[in-house]
Amino acid sequence: MRIRVVNPNTTRAMTDTIEECARAVAGPGTLLDAVTAEMGPASIESHYDEALSVPGILAAIRRGEAAGVDGYVIACFGDPGLDAAREVAGGPVIGIAEAAMETASHLGRGFSVVTTLSRTIGRAGDLVERYGRQRFCLGIHACELPVLALDSDPDARKIVTEACREAVDADGSDAIVLGCAGMADLCADIRDEIGVPVIDGVAAATLTVQSLITLGLRKSGRGEFAAPPPKSYTGLLHSFGRFPHHS
């Protein structure tokens with residue numbers, strides 16, 4: 001099977017981290033690649049960033065469909081463009097927030113989310129509601145590190161770890177969900193430090209896609225998630241008017 005992990009921002013160093021974490025859990029029969037969006041923001045920390053990341057995500061999935069990719073991971077905790085991606089793809093498309101929250105709900109009575117900047121807390125809360133995890137999510141906390149600082153700040157690991165420890169103490173939670181794809185490589189170290197399960201959505205989403213493909217399951221091609229009807233798009237979006245159709 002072929003799985004493509006899409007980094008919706010344009011920072012290649014983050015794609016490399018994401019790919020390493022996804023490959024660590026991919027099965028021996030899985031061909032996995034991670035791609036960087038060809039257009040969009042350097043990092044995603046606002047609704048504006050999310051909106052402008054979606055064309056790059058869709059372009060990466062369209063290329064994947066042409067190349068025979070079987071399923072996709074959207075590696076940003078806002079799960080940007082997820083519904084649109086599911087229209088375009090024939091196989092399963094999973095967002096990392098969706099997969100991380102699902103996984104955490106299996107591991108205890110409740111989890112806390114630790115994200116980057118406080119301005120992203122509201123978006124994380126929206127996704128908790130969308131995925132029906134209100135009774136499991138005990139709190140959402142920010143470590144106040146910009147996304148790109150996760151790679152550049154020498155104290156990033158310590159800052160995120162302490163934010164996770166404080167979240168567990170404040171909420172009485174049984175697990176931590178890391179609220180940024182750029183935190184993926186911190187997962188094991190934080191778990192060892194604070195003594196509760198720590199979920200990286202990149203790994204969780206990769207395994208979810210892999211399991212769905214193994215089960216022979218594809219997205220429904222009916223109704224809302226059928227391929228969008230072809231029409232004319234203008235300006236910078238002129239190449240987005242045709243979509244693959246799936247049986």
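The dialogue below goes through some assignments in a predicted model and the criteria behind them.

Student: What should I keep in mind about the model and its numbering?

Tutor: This is a predicted model, in which local features need pLDDT of at least 70 and side-chain atom pairs count only at pLDDT 80 or more, while totals for chains, interfaces and linings use all residues. Residues are numbered from 1 along each chain as its sequence is written, and side-chain values use heavy atoms, with hydrogens and water left out.

Student: Why is Cys137 called buried?

Tutor: The relative accessible area of Cys137 is 14%, and buried means under 20%, exposed over 50% and partly exposed in between, with a 1.4 Å probe and protein chains only; Cys137 is therefore buried.

Student: What makes Leu237 partly exposed?

Tutor: Leu237 has 35% relative accessibility, and therefore counts as partly exposed.

Student: What makes strand 5 and strand 7 a pair?

Tutor: Strands are DSSP runs of E of at least two residues, and helices are runs of H or I of at least four, numbered from the N terminus; two strands pair if DSSP finds at least two bridges between them. Strand 5 (residues 111-115) and strand 7 (residues 175-178) have four bridges, in the parallel sense, with Phe111 opposite Ala175 and Val113 opposite Val177.

Student: How do you know that both faces of strand 7 are covered?

Tutor: Ala175 and Val177 on one side and Ile176 and Leu178 on the other are all buried. In a regular strand the side chains alternate between the two faces of the sheet.

Student: Which strands are at the edges of the sheet?

Tutor: The open sheet has four strands in the order 6-5-7-8, with parallel pairing, and strand 6 (137-142) and strand 8 (198-199) are the edge strands, as each pairs on one side only. Strand 8 is joined to strand 7 by two bridges, and Val198 is the bridge partner of Ile176.
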